Amino acid sequence: MEAIPTRARVHVVCVALAALFCLYPLPIGGTPWWAVALLAALYAGGERIAAKWRFAGTFYPVLLAGAFLLPPSAAALVPVPGALLSPVGQRPRRLRRLWRTAQSAVAVWAAARVHEALGGRDAVLASDFPYALAPAGASALTFCLALTVLDGGILAPAEPGGAWRGLFLRSLAPIAVHGLAGLMMAVLWRSPYGPVAALLVLLPMCVSWWGFAQYHRERAAHQATIRALVQAVDIKDGYTRGHSERVGQATMMIARELGMADERVEVLRFAGILHDVGKLGVPTRLLRKDGPLTPEERRVIELHPEYGHEMVRGISFLGEARAAVLHHHERLDGSGYPYGLTGGQIPESARVVAVADAFDAMTSNRSYSRARPVPVALRELERCAGSHFDPRMVTALVRAVDQQGWHPAVTADETSVPPPRPPVSSAPGAHR
């Protein structure tokens, strides 16, 4: 329990006491206990599946169906067995199980109270589906609000900046879908077809959840692939350790400032992270050489975009990031490499990465130059806009840095300033 602050532990205990209040007194007469047991068993089994798929909150429709079908105290019982028995990955496990159980019980109780107060149970009993939508919507909104407020009691002290405040809006749409599925379950439950028909509602949702789980597993595999490649580059070229992640961060800032879709922003982040992967094919002695390179050595290093493109060309999920890996050293005036492309011949993704790469090169300590202050680096990019760099990308980076600042993570290897070396070139981005 040492990892949990005292304030958070007190909050958990208070929510647990509130859950006990919600469960007392249990309604004895008129409560279909077989329905409580069936919903509780269904939720517990669903939580085991969700844990296996590494998904959270996937069986909220069962909890909301309980809120639509049962009295509030009985509905609050539905999540208890599943929350108590579901696996917990982090310690302290008992406290986390208690928190999950208490939070779910209070949220379901609040949702059931609102649903009952608005006459929703009568609408469900009468299978009056259109009329049942309003109470069910208010109940799902209450459920989402209760979860957010209870989570806020834990997260607010740990996140004084208020990052947790967007949790309600992020959760609202998924829980609204879960609420609609829960309402369909409740209406079918009370129909002549009975609980079996209600359970069929979960089948398409389970298929979609399985699809999402597969997507997240694939995404995790993608991240692992990229991480392994970047770590290999960092080990080979110690002076650029952390450079890949910083270029990915700057690339993402530019892409967002340009209003690109989230999916494309992610692909461009991959491009920034992997832009120097071709250095794996360059002799280590050249990457770590102190002082300027000879023309022959420079020609060898200038092959790294082509090496990188060959390495990633078969990774389909990278999309246009592959073109950025190949062309991120091209310049608008044709003075770049490997092909001397000009203007619009250079892919947009490569033009974004080129600016991010040059910016980090100027603001980081290298084997041949000291870091420049951020304002100086931005002015240099603006000076070279139109000749070396796309002015749109430079303007986007300047705006993004003005609004957000530039606070990249600094690794231990970058905290020491290397001795000054003769610069390779006066042009920004003329780096190894």
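**A pocket and a buried valine in a predicted model**

Me: Which residues line the second largest pocket?
Reply: This is a predicted model, in which local features need pLDDT of at least 70, side-chain atom pairs count only at pLDDT 80 or more, and totals for chains, interfaces and linings use all residues. Residues are numbered from 1 along each chain as its sequence is written, and side-chain values use heavy atoms, with hydrogens and water left out. On a 1 Å grid over the protein atoms alone, a pocket is an open set of points where a 1.4 Å probe fits, with protein on both sides within 12 Å along at least five of seven lines, and lining residues have an atom within 4 Å of a point. By that rule the lining consists of Tyr215, Glu218, Arg219, His222, Asp262, Glu263, Glu266, Val267, Phe270 and Phe317.

Me: Which element gives the most to the lining of the second largest pocket?
Reply: Helices are DSSP runs (H or I, at least four residues), numbered from the N terminus. Two or more lining residues come from each of helix H11 (202-236) and helix H13 (262-274). The most, 5 residues, come from H13.

Me: How many residues of this lining are charged?
Reply: Asp, Glu, Lys and Arg count as charged, Ala, Val, Leu, Ile, Met, Phe, Trp, Tyr, Cys and Pro as nonpolar, and the others, Gly among them, as polar. The lining divides into 4 nonpolar residues, 1 polar and, as charged residues, 5.

Me: Is Val265 buried or exposed?
Reply: Val265 is found in helix H13. Its relative accessibility is 3%, and under 20% relative accessible area (1.4 Å probe, protein chains only) is the cut-off for buried. Val265 therefore counts as buried.

Notes:
Buried < 20%, exposed > 50% of the residue type's maximum accessible area, 1.4 Å probe, protein only.
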